[in-house]
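Please read it alongside the sequence and the coordinates.

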Amino acid sequence: MRTWKTKKEFKKLFIEKAEVLFEKNVKELSHREVYQIIATMIKDLVSDDWIQTEKIYNHKRVRQVYYFSIEFLLGRLLNTNLLNCDMEELCRSALQDFGFDLEDIFPEEPDPGLGNGGLGRLAACYIDSMAALQLPGHGCSIRYQYGLFDQRIIDGQQVELPDAWLRNGFPWEIKKSDKAVDVRFGGHAYMRPGKGGALVCVHEQYNTVRAVPYDVPVLGYQNRTVNTLRLWKAEYTRENMYGQLRYGDYRKALQYKDQAQQISRFLYPNDSTYEGRKLRLMQEYFFVSAGLQSIMRHYKKHYGSPKLFDRYIALHINDTHPALIIPELMRILMDEEGLSWEDSWRITTNSVAYTNHTILPEALERWSIPMFQELLPRIFLIVDEINRRWLEAVQQRFPGQEDKAREVAILWNNQVHMASLAVVGSHSVNGVAKLHSEILKINTLKPFYTWFPERFNNKTNGVTHRRWLIESNPQLTELICDTIGKDWVHAPEKLLALEPFGNDAAFRERLAEVKQKRKEILAEYLHKERNITLNPHSIFDIQIKRMHMYKRQLLNILHVYHLYRQLVENPGMDIIPRTFIFGGKAAASYGEAKITIQLINTVARLIDQDYRAARKLKVVFLENYNVSLGQKLFPAADVSEQISTASKEASGTGNMKFMFNGAITLGTMDGANVEIHQEVGDEHSVIFGLRADEVQRYYQEGGYSSWDIYNSDADVRRALEVLEENPMFGQLREALLDRNDEFFVLKDFKSYCAAQQEIERRYRDTEGWFRSSTVNIAHAGHFSSDRSIQEYADEIWNLDAVKI
Ligand code: GL5
C-alpha cells in the first residue's frame with residue numbers, strides 16, 4: 001500500500017485520490033469531498049499497523065477482550081484519528097497549500113448515529129483508552145442505518161426527523177463480506193436422544209438472517225496499535241427467501257426479507273409497541289450471536305481447543321442488552337462444539353463480565369416469555385435450563401422459601417429477567433461509580449450480593465482526555481503543557497502537578513483568558529450557525545444531557561424563572577449576568593421530558609422579551625445536542641449543572657468532561673459527583689440537596705408531602721406560576737404536586753437556590769474562582785477513561801498490554 005509520511009507524499013496522494021474517488025482536480029473539490037479523501041488516506045495509512053496488530057495478537061496468542069455494547073457514540077473521527085497518528089499539523093499545512101482550511105473540513109463529517117447517551121459515549125471512550133493503553137480489546141455492535149433522531153425545535157417544541165447519518169457513506173469502515181455469519185430466528189427447538197443416548201438439540205424451520213461485518217479501525221494514541229470496532233449489518237439471505245418462494249408463499253417471503261433488513265435499520269425502535277420490543281430483542285440477539293460466532297471462528301483458527309476459550313477470551317457486556325451472550329455461548333459450546341453442560345457453563349461464566357448502568361426500575365430489561373420463546377426457541381431452552389439449575393441451588397440452600405427463589409429467578413411472572421441472567425452467568429458485576437456500586441449491593445441486586453459477594457465490584461467511569469481536553473480545548477491544552485510539561489498526556493493523573501499553580505496569579509490570569517476565549521468561540525459559533533446571541537461576559541451555566549425527569553432540568557428552569565421574577569420586581573438587583581444553556585434530546589414518547597423542553601423555551605422567550613431581565617439573564621435551548629456540539633460547550637462552561645435526584649444517576653460522565661475543562665460542579669451527592677467532590681472538596685465544588693440515603697428513606701416511607709412545601713414556601717409558589725402559563729404545563733404541575741414530586745424537585749428547590757447564590761458569590765471572587773478551576777483540572781486526571789480501563793484490565797479482564 002502506498003502511503004504518506006511527508007507533506008510532499010501527502011499532497012501527491014491527495015491529488016491521486018481526488019482523481020480516483022471523484023474524477024476531479026483539487027480546485028474543484030467540495031469540503032465534504034476533502035473530508036472523504038483525508039479519511040480514506042488515513043485508513044490507508046494505518047492499514048499496515050492494523051494488519052500488524054492483529055498478526056501480533058494471533059501470533060503471541062494474547063488474551064483479548066471483546067466489549068459488547070448496543071451503542072458506541074463515537075463522535076467525529078477525523079480530528080481524533082489525525083491526533084492519534086500525529087498527522088494533524090502535516091495535514092493542516094498541506095491543505096493550506098491547496099487553499100483549504102482544516103477547520104472548515106472537520107464539520108463536514110456527520111456524527112455517527114450509533115448511540116444516544118452516556119452509556120454509548122462511555123463505550124466509545126473505553127475503546128479509545130484500550131487502544132491508547134495498547135490493550136488487545138475490540139468493540140462489537142450494530143451498524144444502524146439511522147441514528148436516534150435529528151432534533152429540531154419548532155415553536156419551542158421538539159420535532160424528530162430521521163437521522164440518516166450514512167447518507168454519504170462512512171469512509172472509516174471496511175465491509176468484510178467474506179466474514180459474514182448467519183443468525184437464526186424463530187422455528188422450533190427440542191431435545192432428542194443422539195448418539196450414545198445423550199440428548200442433542202434439534203432446531204428446525206427457522207429463518208436465517210445474514211450478519212455482515214463492517215470494521216472500523218480504533219487507533220491508539222501515537223503508538224501504532226490499531227484495534228477493531230466491528231459493526232454488524234443485517235441482510236436477508238437468498239436461500240431463505242427462495243426457500244419460502246418454493247412453497248409459493250410470496251407474502252411470507254417478502255415479510256421475511258423486510259424483517260431481516262429492519263434489524264439494523266434503527267437505533268432504538270419504539271419500545272412502546274409489541275413490534276418495537278420484538279425488534280429490539282432481535283437486535284440484541286443478532287449482534288451478540290454474530291459477534292460471538294465470529295470470535296469463536298477466529299479463536300479456533302488461531303488459538304485451538306474451545307475448552308480453553310476462557311483462558312484467552314474475555315467478553316464484556318455493557319449493561320444487559322448483550323446479556324444473551326451467556327446462553328449463546330452455551331449454545332455454541334454445546335451444540336456446535338459438543339461440550340457438556342458443565343464444561344460449557346464453567347467456560348461461559350469465566351468469560352463473561354457484566355456492568356450495570358442504571359437502577360431505574362423501568363430501565364431494567366425484562367422480556368415477555370412467549371415473545372422470547374417464539375423468536376429464540378433454542379436460546380429459550382438454554383435460559384430455562386440455566387434458571388432450573390439455579391433455582392435448584394437456591395432451594396437447596398433455603399428449602400421451602402419461595403420468596404427467596406422469586407427474588408433471584410431468571411424466569412418469573414412470565415418474563416425473562418435480563419439482569420438476573422447477567423449476574424448468574426458472569427464472574428464479575430460492577431457498578432459505574434462508588435455510590436452506584438453500593439446501591440447495587442444494598443438495594444437493586446441485594447439478594448444476588450448475598451449469594452455472590454465476591455462478584456461485586458466498582459469501576460468508576462472515565463472519559464478520554466484526548467477527545468475531551470486535548471482535541472476539544474487546544475488553548476487549555478497549550479496552557480497546561482506550558483505550565484507542567486507534557487507528561488500528563490500519557491499519564492493524566494499527572495495533571496495533579498497543576499494544583500499549586502492555582503496560587504499563582506500569572507497562571508490564573510492565563511487560565512481566565514483561555515476560558516474567556518472559549519466562551520467567545522462558542523458565542524461566535526452560535527451566532528454564525530444558529531443566529532443566537534450570547535454575552536460572553538456573563539456566567540455560562542450549562543446543563544447538557546438527555547432530557548429526563550430524574551436529571552431535573554425542571555429544577556434548573558424553575559430556578560431561572562424564580563430569578564426572573566426577582567428581577568422583574570427589582571430591576572436594579574445586583575446579579576452577575578448569567579447565560580443558562582440547555583441541550584438534550586427527549587425520547588420521542590416521553591411526554592413530560594418533551595414538555596420540559598417547551599417550558600425552557602417559554603421561559604427563554606419571556607426573558608428575551610422583557611427588558612427588565614434581558615440585560616442580566618439569557619436562556620437558550622440548543623437544538624440537536626450531540627458529541628460535536630458538546631466539544632464546543634464543555635470548554636466554554638463556567639458552571640457544570642449535575643443536579644439529578646440523589647441515587648438516580650448511576651455515574652454521569654458529562655460531569656467529568658466539564659471538570660477537565662475547568663468548570664465548577666454545582667451538583668447533588670449523586671453518581672460520580674460524590675467522587676468529584678471527594679477529589680476537590682467543598683471549597684472547589686458546590687453541593688446541595690437531599691443525600692441518596694435520605695431519598696431512599698423517603699421512598700420506603702411513601703414519599704414526602706410536596707403540598708406542605710408549596711403551602712409554606714412563597715418562592716416555590718411563585719416559581720410554579722410559570723406552569724399556569726400554558727395548559728400543557730399543567731402536567732408538570734400535577735407531577736410536582738398531585739403526584740407527589742417523585743424526583744424531589746420542590747424538596748430541593750430552596751437548597752438549590754442557595755447553592756446558585758453561592759456560585760454567584762464565588763464567581764465574584766475572581767481569584768478564588770480560578771483557583772477552584774485549577775484544582776478541578778488538576779484532579780480531573782482521576783476521571784480519565786485510561787484509569788478506568790486499566791482497572792478493568794487488571795481486576796476483571798486480566799489483560800496485558802501488547803507493544804506493536
Ligand atoms: C447510563 C447512566 O444513566 C449514566 O449515569 C452513566 O454515566 C452511563 C454510563 O455508565 O450509563 N445508563 C444508561 O442507560 N445511559 C446512561 O447514560 O444511557
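1. Helix 34. The buried residues of helix 34 are Trp769, Phe770, Arg771, Ser772, Ser773, Thr774, Val775, Asn776, Ile777, Ala778, His779 and Ala780. A residue is called buried if 20 or more other C-beta atoms lie within 10 Å of its own, exposed if 12 or fewer, and partly exposed in between, with C-beta atoms placed from the backbone. Since twelve of the 15 residues of helix 34 are buried, this helix is largely enclosed by the rest of the structure. Its cover includes helix 22 (505-530), helix 27 (654-660), strand 22 (664-667), helix 28 (673-680) and helix 33 (745-764). Contact here requires that the C-beta atoms of two residues, placed from the backbone, lie within 7 Å. Helices (H or I, at least four residues) and strands (E, at least two) are DSSP runs, numbered from the N terminus.

2. Basis of the model. This is a predicted model, in which local features need pLDDT of at least 70 and side-chain atom pairs count only at pLDDT 80 or more, while totals for chains, interfaces and linings use all residues. Residues are numbered from 1 along each chain as its sequence is written.

3. Domains. The chain is assigned domain 1 (1-60 + 77-110), domain 2 (62-76 + 112-460) and domain 3 (465-783). These bounds come from an automatic or database domain assignment. Between the C-alpha centres of domain 1 and domain 3 the distance is 38 Å.

4. Ligand shell. Which residues come nearest to the ligand? Of the 15 around it, they are Gly117, Gly118, Leu119, His357 and Ser651. Domain 2 and domain 3 each supply at least three residues to the shell. By type, the shell has five nonpolar residues, nine polar and one charged. In this division Ala, Val, Leu, Ile, Met, Phe, Trp, Tyr, Cys and Pro count as nonpolar, Asp, Glu, Lys and Arg as charged, and the others, Gly among them, as polar.

5. The UniProt record (unreviewed entry) places the feature "modified residue: N6-(pyridoxal phosphate)lysine" at Lys657. UniProt positions are given in the numbering used here, feature names are shortened, and annotations may be inferred rather than shown by experiment. Lysine 657 lies in helix 27 and is buried, because 29 other C-beta atoms are within 10 Å. Apart from neighbours within four places in sequence, lysine 657 is in contact with Val463, Trp468 and Phe634.

6. Arginine 467. This residue belongs to helix 19 (residues 465-471). With 25 other C-beta atoms within 10 Å, arginine 467 is buried. Its contacts, leaving aside neighbours within four places in sequence, are Gly75, Thr80, Asp128 and Ser472.

7. Serine 628. Serine 628 touches Gly75, Arg76 and Asp111, not counting residues up to four places away in sequence.

8. Positive phi values. Most residues other than glycine have a negative phi, and most peptide bonds are trans. Phi of arginine 61 is near 50 degrees, a positive value; arginine 61 sits in the loop between helix 2 (31-60) and strand 1 (64-68). Its 14 C-beta neighbours inside 10 Å make arginine 61 partly exposed. For serine 647, phi is near 95 degrees, also positive, and the residue is in the loop between strand 21 (639-642) and helix 27. Serine 647 counts as buried, with 24 C-beta neighbours inside 10 Å.

9. Tyrosine 354 is in strand 12 (residues 352-355) and is buried, with 28 C-beta neighbours inside 10 Å. Not counting residues up to four places away in sequence, tyrosine 354 touches Ile317, Ala422, Val423, Ser426, Ser428 and Val429. Leucine 617 lies in strand 20 (residues 617-622). The C-alpha atoms of leucine 617 and valine 560 are 8.5 Å apart, although 57 residues separate them along the chain.

Notes. A residue is near a molecule or strand if its C-beta atom, placed from the backbone, lies within 6 Å of it.
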